[in-house]
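I set aside this page for a look through one protein model. My notes follow in the order in which I looked things up.

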Amino acid sequence: AISDKLGKRKSLIFGNICVSLAILSIILSTRLRHVIIANLLFAIGYTIKNLCESSLLHECIDNPQKANTLFSKISGKGSAFHYIFDAVSGITTGFLFVFNHYLPLFLCLFVCILTVLIAFSFEEYSEKKVKAKKLAKEKRFNLNYAKEIFASFSFIFQSQRLRALLLFSGLFAGLLTIRNTIASSLLTEIMLPEQYFGIMFALLQLVSCLGSVKQNYFHKKYRNKLLTHFSLKYSISMILLGIIVILKLPFIPTLVLVVLLYSIQYLVKGPYYILIQRYLNSFATPEISTKIYTISSII
């Protein structure tokens, strides 16, 4: 509702401001309630960003025949830079934290403020017909708008392929979250010294960067079987990780196998986020794109 009312550009500005305020509240926090408020602001900010970023990019592509290919190519470049920046910041944060606990937080706040300024430089992009329609009928938070949202949701769930895709994205998001939860504890169980955690995850992020750059290769190779291949490789690697830890093999073989299986997971994760957005966009129009992303987030 907020993204429809404000438009995607203003919604992105609002979302990035929420994330910036969340970091600021953590810096200034002296009580638990401040951290709770920060997490609430994170939830609002990232939800709105996830709804608007991809759909705004998709709308800005003028070539309808190659829209999905160009979307994944541009998004792949952005994701590659993201993973590189994630790797560098992951390593440097540990050292900066030892030097001064607040220094990484202030740098994080600076980057968040930078994203707000970048969002201000965007222009609201939409086709002229869509703009005219919006001007003629401004969306308001009333009963008619609520009915319109539910009608859109009903229309989305009528598509069997889209319904299956949304269900898959929800289940796979759960799998990714489980892996993130157990990642560090698994390294602790195999007795890897904690000072190497940051370096290891930084290198794995570079593997995700490689996967992001090659996302179009994966799409062309597997076509409509891509999600099957990705989910099987990811699931089997998680099962094997569990078995390896249970077997309690010597440290070096265990570490090599864990790094190899983690690399497979990160190689899948990089292109997956781009390609799932590409597949969702193939069902989207400017009017319904945010609704599809809303349902995806809820699931």
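Entry 1, α11 against α12. I began with this pair of helices, whose axes come within 9 Å and cross at roughly 155°. An angle over 145 degrees counts as roughly antiparallel, so α11 is roughly antiparallel to α12. I noted the crossing of the two as left-handed. I then sorted the residues of the contact of α11 with α12 by class and got 19 nonpolar, three polar and one charged.

I am working from a predicted model, so I checked pLDDT before going on. The mean for the protein is 86, and 93% of the residues reach 70 or more. Which element has the lowest mean pLDDT? It is helix α6, residues 128-136, with a mean of 49. The highest mean among the elements, 94, belongs to helix α2, residues 8-28. Where pLDDT is low, the predicted coordinates should not be read in detail.

Is Ser-237 buried or exposed? Its relative accessible area is 2%; the cut-off for buried is under 20%, so Ser-237 is buried. Leaving out residues up to four places away in sequence, I found Ser-237 touching Leu-261 and Gln-265. Helix α12 runs over residues 251-281.

Angles of 65 to 115 degrees count as roughly perpendicular, which is why α10 is described as roughly perpendicular to α12. On the α10 side I listed Gln-215, Asn-216, Phe-218 and His-219. On the α12 side they meet Leu-267, Pro-271, Ile-274, Leu-275, Arg-278 and Tyr-279. By class, the residues of this contact are six nonpolar, three polar and one charged.

How far apart are the axes of α3 and α13? For helix α3 (residues 32-59) and helix α13 (residues 289-298) I noted 9 Å, with a packing angle of about 145°. The crossing of α3 past α13 is right-handed. From α3, the residues in the contact are Asn-50, Leu-51, Ser-54, Ser-55 and Glu-59. Their partners in α13 are Ser-289, Thr-290, Tyr-293, Thr-294 and Ser-297. I sorted this contact into two nonpolar, seven polar and one charged residues.

Most residues other than glycine have a negative phi. I looked up two with a positive value. Met-191 has a phi near 70° and sits in the loop between α8 and α9. With a relative accessible area of 66%, Met-191 is exposed. Arg-223 has a phi near 50°, and its place is in the loop between α10 and α11.

Methods
Residues numbered from 1 in each chain as written. Predicted model: local features only at pLDDT ≥ 70, side-chain atom pairs only at ≥ 80, totals over all residues. Heavy atoms only, no water. pLDDT = per-residue confidence, 0-100. Helix = DSSP H or I, 4+ residues; strand = E, 2+ residues; numbered from the N terminus. Axes fitted to C-alpha atoms, helices over the stretch in contact; angles between N-to-C directions. Left-handed = near helix turned anticlockwise from the far one by under 90°. Contact = heavy atoms within 4.5 Å. Nonpolar A, V, L, I, M, F, W, Y, C, P; charged D, E, K, R; others polar. Buried < 20%, exposed > 50% of the residue type's maximum accessible area, 1.4 Å probe, protein only. Parallel < 35°, antiparallel > 145°, perpendicular 65-115°, else oblique.
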